[in-house]
Structure formats: structure tokens, C-alpha cells
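Subject: Structure handover

Hello,

Here is the structure we discussed. My notes on the contents follow below it.

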Amino acid sequence: TRSADLARVGGRYDRNLGTHFFAFGGGEAETNRPGGVSRRVNANAGGGWHVLQSDSVGLDLFAGLGHAETRFTDGSRRAGLEWLLGEESSHKLGESTSFKQRLVLYPGSREIGNRATFDASLATAIAAGWTFNTGLALRNSSKVPPGLQMTERLLTFGFGYKF
């Protein structure tokens, strides 16, 4: 039984407005037909605050406003405005290991409901430019068509090469 077939692409541009504040704009698109999502696209913009900035730890808080549209595999569609409130941190755990995590809440209009995303990754250098990576992604949506799960979970492991 196929339980996931996820494809996601996204990006965010940050512009520092001084030492502690920044503005951002971004967007994402994803599909996960076994999860009931035919297509989800969203675009957002906002501002944030660099709470901590050092070589070993970084912590950002941010908020903004966006628009999201989700088309489900049952043919239904939800679209509307949504806020985004989030935090993101990065930690250097040693000479060769780093950890990053990001939590974003998307309180939306009554039609689209609320969403939340959590991503965490751990990367460690092995040797000669090779890295071992593991990641955890959690997605929750308050409004899904009947029969679909509100929460999706994805655990990944992989190898990378830095050049």
C-alpha cells in the first residue's frame, strides 16, 4: 500500500533591515496524492527578529500574512488568507554536527482552517566531504476531506556530498 508520494518545492528570501530585524517573502508548492492533497500552493510575506546570532546558535522569530490554496484529490478546494507565526533555530553541536528546526503555525480563515508544520534535521560530517543527514517533517491541517488524516509524518535518512 502506498501511504505517501510527497513532492515539495519552496523558497524564502530574507532581507536584513539592520542587526536584529529582517523582512521576508516566500512561497511553497506541494503534492501528496495518497495523503489527499492534489496541489497546495501558498505565498507569504512578513518580518522577523534575530533573537540570537552566534557561530554556534541562531534563533529567529517571525510573523507574516499569506494566501493559500489547496486542491484535494476528492475534487474539493479551499483557499483564503492565513497568518503565519514561527520560530527557527540552528545549533552547531560540534565540529562536524549541526541541528536545525523550524515550527510554523498558519492560523487561517474559517474556510481553510489552521495548519502547522514542524521540520527538524540533523547533519553530521563523515569523511572527505560526505555527510549523513536525517530529517523529521510533521504537517497538520485542521480541515481535510472526510477519510483523510489530519497529520502527516515523514522521517528521512540520506547521504550528501559537499563540494
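The largest cavity has a volume of about 100 Å³. A cavity here is a set of points on a 1 Å grid over the protein atoms alone where a 1.4 Å probe fits but cannot get out, and its lining residues have an atom within 4 Å of a point. Grid points are joined across faces, edges and corners, and a volume is the space filled by probe spheres set on the points. The model is predicted, so local features need pLDDT of at least 70 and side-chain atom pairs count only at pLDDT 80 or more, while totals for chains, interfaces and linings use all residues. Residues are numbered from 1 along each chain as its sequence is written, and side-chain values use heavy atoms, with hydrogens and water left out.

Cavities

Two cavities of 30 Å³ or more are present. Lining the largest cavity are R40, A68, T70, F72, R78, E82, I112, N114, R115, S141, S142 and K143. Two or more of these residues come from each of β4 (57-72) and β5, and β4 gives the most, with three residues. Strands are DSSP runs of E with at least two residues, helices are runs of H or I with at least four, and both are numbered from the N terminus. By class, this lining has three nonpolar, four polar and five charged residues. Ala, Val, Leu, Ile, Met, Phe, Trp, Tyr, Cys and Pro count as nonpolar, Asp, Glu, Lys and Arg as charged, and the others, Gly among them, as polar.

The second largest cavity has a volume of about 80 Å³. G35, V37, R40, F72, R139, N140, S141, V144, Q149, M150 and E152 form its lining. The elements giving two or more residues to the lining of this second largest cavity are β3 and β8, with the largest share, three residues, coming from β8. Its lining residues divide into four nonpolar, four polar and three charged.

Pocket

The largest pocket has a volume of about 420 Å³. A pocket is an open set of points with protein on both sides within 12 Å along at least five of seven lines. Of the 23 residues that line the largest pocket, E28, E88, R102, D119 and R139 lie nearest its centre. Two or more lining residues come from each of β1 (6-16), β2, β3 (37-53), β5 (77-92), β6 and β7 (115-127). The lining of the largest pocket consists of six nonpolar, nine polar and eight charged residues.

Fold and strand pairing

The protein has nine strands and zero helices. Its C-alpha trace spans about 50 × 45 × 20 Å along the principal axes. Of contacts between residues at least 6 apart in sequence, 44% join residues at least 24 apart; contact means heavy atoms within 4.5 Å.

β1 and β2 pair in the antiparallel sense over eleven bridges, where pairing requires that DSSP finds at least two bridges between the strands. A7 has T31 in β2 as its bridge partner. Four residues separate β1 from β2 in a hairpin, and G18 in the turn has a positive phi of about 145°.

β7 pairs with β8 (residues 130-141) in the antiparallel sense over twelve bridges, with A120 opposite L136 in β8. These two strands also form a hairpin, with two residues between them, and A128 in the turn has a positive phi of about 50°. On to the next strand: β8 and β9 (residues 151-161) are paired in the antiparallel sense over eleven bridges, and W130 stands opposite Y161 in β9.

N133 is in strand β8. N133 is partly exposed, with a relative accessible area of 27%; buried means under 20%, exposed over 50% and partly exposed in between, with a 1.4 Å probe and protein chains only. The C-alpha atoms of N133 and A123 are separated by 4.4 Å, the two residues being ten apart along the chain. Leaving out residues up to four places away in sequence, N133 touches L122, A123, T156, F157, G158, F159 and G160.

Buried residues make up 29% of the 163 residues in the protein. The largest nonpolar core has six residues, F22, F24, F62, L84, V104 and Y106, and β2 (21-32) and β6 (97-106) each supply at least two residues of this core. A nonpolar core is a set of buried Ala, Val, Leu, Ile, Met, Phe, Trp, Tyr and Cys residues joined through side-chain atoms within 4.5 Å. Beyond its neighbours within four places in sequence, V104 is in contact with F62, L84, L85, G86, R115, A116 and T117.

Regards
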